[in-house]
Amino acid sequence: MLEVSTSAQELTLGGDISYEQFLTDSKGILESLRKRAHMMTDEFNSCKTVVCNFIEGAMYSFPQIKLPPKAIEAATSAGKVLDVFYCLKLLEAIGISTVPGLGFGQKEGMEKLKLKLKLWGF
């Protein structure tokens, strides 16, 4: 009878023939995510009205987007909270999925959009 182990600890302990492959794969995935995070942050910071810190250790980017008064008026006219309104507009217009800052317990008057990094491919 073949015994299969499902313990994550057993799968990642040294000495197993697959351990080196596990290390190589893990490092490759983390480096790929780091490159994407840098790319996303650099693109945000190339925009005049956006400031974004480099994300490390997370899959969310937290850009601060300065919206002009007319953009704020558009959300108000539609009866939507500002960040919810623009998350919906990004999804409708170009298919970018974002999470309103309200989903992260942001302070009032600090409307933000949160973007999730796509794990595989761009």
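Tutor: Buried means under 20% relative accessible area, exposed over 50%, and partly exposed in between, with a 1.4 Å probe and protein chains only. The model is predicted, so local features need pLDDT of at least 70 and side-chain atom pairs pLDDT 80 or more, while totals for chains, interfaces and linings use all residues. Residues are numbered from 1 along each chain as its sequence is written, and side-chain values use heavy atoms, leaving out hydrogens and water.

Student: Is C47 buried, partly exposed or exposed?

Tutor: The relative accessible area of C47 is 37%. That value falls between the 20% and 50% limits. So C47 is partly exposed.

Student: And C87, buried or exposed?

Tutor: C87 has 6% relative accessibility. The limit for buried is under 20%. Therefore C87 counts as buried.

Student: How many disulfides are there?

Tutor: A disulfide needs a pair of cysteine sulfur atoms within 2.5 Å. By this rule the count is zero.

Student: How many salt bridges does the model hold?

Tutor: The rule asks for a side-chain nitrogen of Lys or Arg within 4 Å of a carboxyl oxygen of Asp or Glu. R34 and E31 meet it at 3.5 Å, N to O. K89 and E92 meet it at 3.9 Å, N to O. The count is two.

Student: Which helix holds both R34 and E31?

Tutor: R34 and E31 are each partly exposed, at 36% relative accessibility. They sit three residues apart, about one turn of the helix. Their helix, residues 19-45, is α2.

Student: Of K89 and E92, which is exposed?

Tutor: The two lie three residues apart in helix α4 (residues 82-94), about one helical turn. K89 has a relative accessible area of 38%, so K89 is partly exposed. At 60%, the exposed one is E92.

Student: What percentage of the protein counts as buried?

Tutor: The protein has 122 residues. The buried part is 20%.

Conventions
Helices (H or I, at least four residues) and strands (E, at least two) are DSSP runs, numbered from the N terminus.
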